[in-house]
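The sequence and the structure are shown first.

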Amino acid sequence: MPEVDDDIYEGGKKPLSLMSESEKEKVVLYNNEGKPLYYSGNNRWVPVVAFVSKEEILEAKSHYPKPRLYPYWITLQILMPFVLLALIDSFLYLISVNIGFKLEWNIYFIVSFSFLILYLLLNSGRIAIFAIYLYQRFAKDETRERCHLHPTCSFYAIYAIEKYGLIIGLIKTIGRLKRCNGQEGEDWP
């Protein structure tokens, strides 16, 4: 990663909207996978929230732009477990008919409910991160930018859940919320 002068940020305070184009090029770049990173001070480059392009970062009023949500993708993610449930139940029905053994309706219900619980447990981290995306998308800018620490508490929660998993990530996030007392600085999971 390139070295960046911390005076561009004036101690981490200069918003992107006040930067010149040459300053913006120094604080936003792409990593090897083509995803945008931005400079958070002290020669530290951090990933941005999913679904945010470089242009959106540069146009943002703050260092933490609102994530873009895709309704078709969200609908697909919500419908996926129910489609899989229907396929599993159909498969069970076909097997039971071919064997000549008729299953009771409560067996189908138990299998479906068990699968749904397993699916939710396996995807609980993604669900929590999606809930944070919804907060970031629809919360007022005054509320989101009230946090003086870098990264903000919601980004901290996303990073903690991605790094440590749901349970430990939530514990670290609760600890961070307790430490968020208006003092400035950096606090990473």
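Phe109 and Phe113 both belong to helix H4 (residues 105–122), where they are four residues apart, about one turn of the helix. The model is a predicted one. An α-helix has 3.6 residues a turn, so residues three or four places apart point the same way.

A search of the whole structure finds three aromatic pairs. In the pair formed by Phe109 and Phe113, the ring centres are 6.1 Å apart and the planes stand at 15 degrees; the pair is therefore stacked, since planes under 30 degrees apart count as such. Phe113 is partly exposed, with a relative accessible area of 47%, and Phe109 is exposed.

## Faces of helix H4

H4 consists of 18 residues and reaches 26 Å from its first C-alpha to its last, close to the 26 Å expected at 1.5 Å a residue. Its buried residues are Tyr108, Ser112, Phe115 and Tyr119. These residues cover an arc of only 65 degrees around the axis, which puts them on the same side of H4. On the other side of the helix, Phe109 and Leu121 are exposed.

The buried residues of H4 pack against helix H3 (71–99). The loop between H3 and H4 contains Leu103. Leaving aside neighbours within four places in sequence, Leu103 is in contact with Leu92, Ser96 and Tyr108. Leu103 and Tyr93 are 10 residues apart in sequence, and their C-alpha atoms are 7.7 Å apart in space.

## Overall arrangement

The secondary structure of the protein chain comprises eight helices and five strands. From the N terminus on, the order of the elements is α-β-β-β-α-α-α-α-α-β-α-α-β. Of the 189 residues in the protein chain, 37% are buried. Among contacts between residues at least 6 apart in sequence, 59% join residues at least 24 apart.

## Nonpolar core

Which residues form the largest nonpolar core? This core has nine residues: Leu69, Ile74, Ala128, Ile129, Ile132, Tyr133, Ala157, Ile158 and Ile161. Helix H5 (124–138) and helix H7 (153–164) are the elements that give two or more residues to this core. The largest share, four residues, comes from H5.

The contacts of Ile129 give a local view of this packing. Not counting residues up to four places away in sequence, Ile129 touches Ile158, Ile161 and Glu162.

## Aromatic pair in helix H7

A further ring pair is formed by Phe155 and Tyr159. The ring centres of Phe155 and Tyr159 are 6.4 Å apart and their planes lie at 50 degrees, so the pair is tilted. The two residues are four residues apart in helix H7, a separation of about one helical turn. Both Phe155 and Tyr159 are buried.

A charged side chain is also placed over an aromatic ring: Lys172 lies over the face of Tyr164, at 4.8 Å from the ring centre.

## Faces of helix H8

Helix H8 (residues 166–179) has 14 residues and reaches 20 Å from its first C-alpha to its last, close to the 20 Å expected at 1.5 Å a residue. Within H8, Gly169, Thr173 and Arg176 are buried. Viewed down the axis of H8, the buried residues fall within an arc of 60 degrees, so they line one face of the helix. On the other side of H8, Ile167, Ile171 and Lys178 are exposed. The elements that cover the buried residues of H8 include strand E4 (149–150) and H7.

Where does Asp187 lie? Asp187 is located in the segment after strand E5 (185–186). With a relative accessibility of 17%, Asp187 counts as buried.

Leaving aside neighbours within four places in sequence, Asp187 is in contact with Leu149, His150, Pro151, Tyr156, Arg176 and Arg179. Asp187 and His150 are 37 residues apart in sequence, yet 6.2 Å apart in space, C-alpha to C-alpha.

Conventions: Residues numbered from 1 in each chain as written. Predicted model: local features only at pLDDT ≥ 70, side-chain atom pairs only at ≥ 80, totals over all residues. Heavy atoms only, no water. Core = buried A, V, L, I, M, F, W, Y, C linked by side-chain atoms within 4.5 Å. Buried < 20%, exposed > 50% of the residue type's maximum accessible area, 1.4 Å probe, protein only. Contact = heavy atoms within 4.5 Å. Expected span 1.5 Å × (residues − 1). Arc of directions from axis to C-beta. Phe/Tyr/Trp six-rings, centres within 6.5 Å; stacked < 30°, edge-to-face > 60°. Lys NZ or Arg CZ within 6 Å of the ring centre and 35° of its normal.
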